[in-house]
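Have the structure open while you read.

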Amino acid sequence: MSFNSRADVFHARHGDLHCEEVALASIAARFGTPTYVYSKAALLAAYRGYAQALQGRRALVCYAMKANPNLAVLNLLAREGSGFDIVSGGELARALAAGGDPAKVVFSGVGKSEAEIEAALKADILSFNLESIAELETVERVAARLRKRAPVSVRTNPDVDPKTHPYITTGLKSNKFGVAYADTLALYRRAAASPHLTVVGIDCHIGSQITEVRPYVDAADRLLDLVDALEHEGVHLHHIDFGGGLGIAYRDETPPAPEALIRALLARVDARGHGNKTIMVEPGRSIIGRAGALLTRVLLLKHGETKNFAIVDAAMNDLMRPALYQAWMNVKTVQPATAAEARYDIVGPVCESGDWLARDRDLAISPGDLLAITDAGAYGMSMASNYNTRGRPAEVIVDGSTVYVVRRRETVEALFAGESLLP
Ligand code: LLP
């Protein structure tokens, strides 16, 4: 199955929206709503877009699991040979539990705790992506205590504008991420001189939902300048990690395909004589984003004075992107029209005006109808909360005509299981 257009993943057949061979209405009937539905074929096709573009090279794709850390998703990717980009001890535990190879794990993030560093050192991960001198010193201290050498890379901040939402811009001077470009070489000198650290690579990450190749190429050139300078000083790197961030088409964006991004990066790397190094990327959204939809049911329609509201059983706690980033998410009806079309805001039951999933959508719907919020596979379930004591949705993966529950719906009892009363 190939997935070149967005219509392919969640597509209507005889008026019924399907994921692969399965009607979404049958998933709602079997497992209830709200439920996240993922297509295995779409997930694998997206991963293979990267893997195939890198074929024949020394290369590693490290899936950024913050986008969607479900064990089944991780396991499918691990079986394809994917590595993982992690940002916490919890994500390390997930990578290992899902059968991930620790030798393909990179650890990012500005605030790694000593306990997290220790766990990662014991697991023998590929690289600690350092984001400050203070962190370098912490990693060094923990490594010394464990009598180990920590493999390190410095996340440099290339100060490149990725032209995306300010909350998901990470590679500008004003962002908290990475080591200032001008300070990077000094950090490498410090790391190279340490008996407890081994310099293995360099990395950067400039932002997320990037829809052009240009900022990547600019950042790559800045990185390669550092690689040259380091080699000049006798510090040789094993890998160059260009980070994640490639966008997907939520609405009318036209992001480059992974293949185009990889081609552009490899061209720069080769032109500058570093084609022998391991080339790495850390995509998250572009691997799982389009493969997933949030399936929700219309509870009731409410006709306000200036607006019509479709109140659905999913809410901001299930899918936070609209509330947090004013993100536009695509809404599709799941079955043929049951009423005349009207313009609705799609909102959840949570007690906040910020609890909306989509605004001003023309839909022909009635209470009880199903809606699918598509392109929601990334940063959907992974950012879900229990606000208003709402259990998080179930997650299922569709493989052809088979549906696998990969996470049960969270029960209310599970939500307060760790709480206790005073004597
Ligand atoms: N590597 C690092 C170090 C990152 O910080 C991120 C994402 C990635 C890789 C993966 O980036 P991706 O390929 O998914 O763009 N919650 C936001 C996105 C936050 C991204 C944070 N960093 C959203 O829903 O738009």
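Helices (H or I, at least four residues) and strands (E, at least two) are DSSP runs here, numbered from the N terminus. This is a predicted model, so to speak, with limits on what counts: local features need pLDDT of at least 70, side-chain atom pairs need pLDDT 80 or more, and totals for chains, interfaces and linings use all residues. Residues are numbered from 1 along each chain as its sequence is written, and side-chain values use heavy atoms, with hydrogens and water left out.

Asp-375 isn't a glycine, yet its phi is positive, about 55 degrees. Glu-20 does something along those lines: not a glycine either, and a positive phi of about 50 degrees. You'll find Glu-20 in the loop between strand 2 (16-19) and strand 3 (22-23). Buried or exposed, with a relative accessible area of 3% for Glu-20? Glu-20 is buried, where buried means under 20% relative accessible area, exposed over 50%, and partly exposed in between (1.4 Å probe, protein chains only). Asp-375 is buried too, at 3%.

The peptide bond between Thr-33 and Pro-34 is cis, with omega about -5 degrees. Pro-34 sits in the loop between helix 1 (24-31) and strand 4 (35-39).

Back to Glu-20 for a moment, as one of the residues that Val-398 touches. Val-398 belongs to strand 20 and is buried, with a relative accessible area of 0%. Leaving out residues up to four places away in sequence, its contacts (heavy atoms within 4.5 Å) include Cys-19, Val-22, Ile-27, Val-37 and Tyr-38. Arg-321 is 77 residues from Val-398 along the chain, and their C-alpha atoms are separated by 24 Å.

**The ligand site**

Arg-321 brings us to the ligand. Which of the 18 residues around the ligand come nearest? They are Ser-208, Glu-282, Arg-321, Tyr-325 and Tyr-379; a residue makes the list if one of its heavy atoms lies within 4 Å of the molecule.

| Residue and its atom | Ligand atom | Distance |
|---|---|---|
| Ser-208, side-chain N or O | oxygen | 2.4 Å |
| Arg-285, backbone N or O | oxygen | 2.7 Å |
| Tyr-325, polar side-chain atom | nitrogen | 2.7 Å |

On its own the ligand has 580 Å² of accessible area, and the protein covers 93% of that. Such areas come from the Shrake-Rupley method with a 1.4 Å probe, and for residues only the protein chains shown count as cover.

Met-320 is in the loop between strand 15 (308-312) and helix 11 (321-325). Met-320 is partly exposed, at 26% relative accessible area. Its C-alpha is 9.6 Å from that of Ser-382, which is 62 residues away along the chain.

Helix 5 (residues 114-123) has several buried residues, including Glu-116, Ile-117, Glu-118 and Leu-121. What do the buried residues of helix 5 pack against? Their partners are helix 4 (89-97), strand 7 (105-107), strand 8 (127-130), helix 6 (133-145) and strand 9 (150-157).

Lys-112 is in the loop between strand 7 and helix 5, and at 9% relative accessibility Lys-112 counts as buried. The Lys-112 side chain reaches the backbone oxygen of Asn-129 at 2.8 Å and makes a 2.4 Å polar contact with the side chain of Glu-135.

**Cysteines**

A search of the whole structure finds zero disulfides, a disulfide being a pair of cysteine sulfur atoms within 2.5 Å. The sulfur of Cys-204 is too far for a bond because the closest cysteine sulfur, in Cys-62, is 14 Å away. Cys-62 is buried at 0%, and Cys-204 is buried at 2%.

Notes: Polar contact = N/O pair within 3.5 Å; in protein donor to acceptor, adjacent residues only side chain to side chain.
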